[in-house]
Amino acid sequence: MDKVSGKLTVFFEEPFWVGVFERVSDGKLSVCKVTFGAEPKEHEVYEFVLKSYYRLRFSPAVATDVKEACRNPKRVQREVRKQVQNTGIGTKSQQALKLQQEQLKTERKIVRREQREVEKQRQFELKQQKRKEKHRGR
């Protein structure tokens, strides 16, 4: 049976508040970065997760190690406190975000190139049409 775990880290990245969603499934980590703008309240974050989680575009999966163990509740509480004090995101998450950013960049380049070629072809057709009209003596 597949086990999926998720984590949301909200932090201040000048000048906006940013949320990083981390999802681990089948030993692979994928990440999505969301900009909130003003500091979100807890209920706003919860509402965002409920309404918009399935529309998030996660990065391609990166291999990661998953630790399985029964955990002491007090230790979990201490770790949560440490994570809250720690600002920033893990390096694996940063790598996954970078990979997603590069992928989106290449997609944009491809779309732009196609649009440029279509526009060039349209201009060429227009020029040919004008030449034919001049040639006919109109």
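Predicted model: local features only at pLDDT ≥ 70, side-chain atom pairs only at ≥ 80, totals over all residues.

Q: How many salt bridges does the structure hold?
A: A salt bridge is a side-chain nitrogen of Lys or Arg within 4 Å of a carboxyl oxygen of Asp or Glu, and the structure holds five of them. One of these joins R71 and E79, with 2.0 Å from N to O.

Q: Where do E47 and K51 lie?
A: Helices are DSSP runs of H or I with at least four residues, strands are runs of E with at least two, and both are numbered from the N terminus. E47 and K51 both belong to helix α1 (residues 42-52), where they are four residues apart, about one turn of the helix, and their salt bridge has its closest N and O atoms 3.5 Å apart. In helix α3 (residues 91-135), R122 and E119 are three residues apart, which again is about one helical turn, and the closest N and O atoms of their salt bridge are 2.8 Å apart.

Q: Is E22 buried or exposed, and which side chain of opposite charge is nearest?
A: Buried means under 20% relative accessible area, exposed means over 50%, and partly exposed is in between, using a 1.4 Å probe and protein chains only. Lys and Arg count as positive and Asp and Glu as negative, whereas His and the chain ends are not counted. E22, in strand β2 (residues 16-25), is buried yet has no salt bridge, and the nearest side chain of opposite charge, K7, is 4.0 Å away.

Q: Which residues form the positive surface patch?
A: Such a patch is made of residues with over 30% relative accessible area and no salt bridge, like charges being joined within 9 Å; the areas come from the Shrake-Rupley method with a 1.4 Å probe, and for residues only the protein chains shown count as cover. The place of a charge is taken as NZ of Lys, CZ of Arg, CG of Asp or CD of Glu. Here the patch is formed by K98, K105, R108, K109, R112, R113, R116 and K120. Among them, R116 lies in helix α3 and is exposed, with a relative accessible area of 55%.

Technical notes: Residues numbered from 1 in each chain as written. Heavy atoms only, no water. Patch = residues over 30% accessible without salt bridge, like charges linked within 9 Å, V, L, I, M, F, W, Y side chains within 5 Å.
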